[in-house]
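Visitor: I'd like to go through this one from the start. Can you show it to me?

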Amino acid sequence: NLWLLFFLVPPKEENMPAAIPGLSLGPLALDARVFVAVLLTALTVAPIAQAPPAPGDPLPGLTPVEFELFSIGLEDFLEGEDAEEGLGPAYNGTSCGGCHNVPAVGGISPVAGVRAGMVDANGNYSDFDPDAGSLFQLFSIPTHGCQVVIPAEANVIARRVPIPLFGAGLVDAIPDETLLALADPLDLDRDGVSGRAAVIEDVATGELRVGRFGWKSQHATLIAFGADAYLNEMGITSDLFPNEQSFGISPELFRLCDPIPDPEDILDPATGRRGIDNFEAFLQLLAPIGRGPIDDQVRAGELMFDALGCAACHVPSLETGPSTNPLFDRRAVPLYSDLLLHAVGTGDGIGQAAAAPNEIRTPALWGLRFRRPLLHDGRAATVTDAIRAHGAEADLARQGFDELDPVSRAALLAFLASL
């Protein structure tokens, strides 16, 4: 910078401005000239544009306290648990980061959880145990006396890959009213799309809220979402989910396999916080992934995205509500999702919370370029494969994609590759 050069290499005396008659600054003269130079530079040099956050970065503009909470949360998110800390007895992973790490911590992985249930002769779905739900954990702690086994009667088995968590705090701050206004369960506008808001009871508050987290929108708040994963993915109980629950394992057997008293996630005396509080802070302050390069082809593809009707479900941007925290105060959330439940031919056959077996929450498309495999079960290797798996409510959009000329299709795919 010129002002820094001025400061480090003072001008020669003959180049200095003449002194003002009757005024002697003595040794302050150079300091005064440096101050003027700095002030003029600040007024004339255009500010440097801030680079968008990299995957895994916190939201820009955190206070020191918020950054400390983010860092503590990140540490807990990455920490590997063991049996002495409450892991298991049935579990899918030993840390949150073990399943959420591509392209950075908070992302995805190709690991898939397994769910199972039963459909009766009338086509009605049910879990084998409503308390345990449909999840069947992959692993168990030694001596494996509490290994979960899918019963032979299961006639629905589904796999689900992790959902990326980037920008989760912004999603959390979107008002319920926004999602309810987008819902059109009876397709009153006759566009063929009939998204439903997943109205559920939030386990953290006991209030009826609109779900938005999870493939079935089964949770409405980050604290509940994190606590549910702590229990079901790692087997660690908390105040919100105080009881171990896996199919086919009695409470007595649970106590034999895992003698640590419940809840296992207790307040840390040093911080006054639970693990689930730290998870919530990390997720709340984790930045979304910014857009990739945008050129004329990408802009043309975005127009095609809207023309085909894709934006009816993958709504380009929502907005957070009023907040005393400027990080979340009426901020645009360009997630490309309405966060509603839809039947688009990709449902997994598992009923959960407010979601019917054939419904899936619209996956957000921000960060899509870093995500493989695609769809809830990871069966789509490419974006084209994922689009062609759509049907039902998305049938017209999928047909439109199939009918695109090569130039238009290339533009659409270029747009999606920019997300």
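Visitor: Which way does α6 pass α8, left-handed or right-handed?
Guide: α6 makes a right-handed crossing with α8. A crossing is right-handed if the near helix is turned clockwise from the far one by less than a right angle, and left-handed if anticlockwise. The names come from DSSP runs numbered from the N terminus: helices are H or I with at least four residues, strands are E with at least two.

Visitor: Before we go on, what am I looking at?
Guide: This is a predicted model, in which local features need pLDDT of at least 70 and side-chain atom pairs count only at pLDDT 80 or more, while totals for chains, interfaces and linings use all residues. Residues are numbered from 1 along each chain as its sequence is written, and side-chain values use heavy atoms, with hydrogens and water left out.

Visitor: Back to the helices. At what angle do α6 and α8 pack?
Guide: Helix α6 covers residues 222–234 and helix α8 covers 275–285; their angle is about 125 degrees and their axes are 9 Å apart. Axes are lines fitted to C-alpha atoms over the stretch in contact, and angles run from 0 to 180 degrees between N-to-C directions.

Visitor: What is that orientation called?
Guide: With that angle, α6 and α8 are therefore oblique to each other. Under 35 degrees counts as roughly parallel, over 145 as roughly antiparallel, 65 to 115 as roughly perpendicular, and the rest as oblique.

Visitor: Which residues meet there?
Guide: From α6 there are L222, I223, F225, G226, A227 and Y230, and they meet I276, D277, F279, E280, L283 and Q284 of α8. Contact means heavy atoms within 4.5 Å. By class, the contact of α6 with α8 has 8 nonpolar, 2 polar and 2 charged residues. Ala, Val, Leu, Ile, Met, Phe, Trp, Tyr, Cys and Pro count as nonpolar, Asp, Glu, Lys and Arg as charged, and the others, Gly among them, as polar.

Visitor: And how do α3 and α8 cross?
Guide: Helix α3, residues 64–78, crosses α8 at roughly 115 degrees, and the axes come within 7 Å. The α3 and α8 crossing is left-handed. On the α3 side the contact uses E66, L69, F70, I72, G73, L74, D76 and F77; on the α8 side, G275, N278, F279, A281, F282, L283 and L285. That contact of α3 with α8 divides into 10 nonpolar, 3 polar and 2 charged residues.

Visitor: What about α9 and α12, how are they packed?
Guide: Helix α9 (residues 296–307) and helix α12 (residues 406–416) have axes 7 Å apart and an angle of about 100 degrees, so α9 and α12 are roughly perpendicular to each other. Q297, V298, A300, G301, E302, M304 and F305 of α9 touch S408, A410, A411, L412, A414, F415 and L416 of α12. The classes in the contact of α9 with α12 are 10 nonpolar, 3 polar and 1 charged.

Visitor: Change of topic. Is the bond from V102 to P103 cis or trans?
Guide: The V102 to P103 peptide bond is cis, with omega near 5 degrees. P103 is in the loop between β1 (90–91) and β2 (113–119).

Visitor: What joins P142 and T143?
Guide: A cis peptide bond, with omega of about 15 degrees, joins P142 and T143. T143 sits in the loop between β5 (139–140) and β6 (156–160).

Visitor: Last one: is phi of Y336 positive or negative?
Guide: Phi of Y336 is positive, near 60 degrees, and Y336 is a residue other than glycine. The loop between β10 (332–333) and β11 (341–342) holds Y336.
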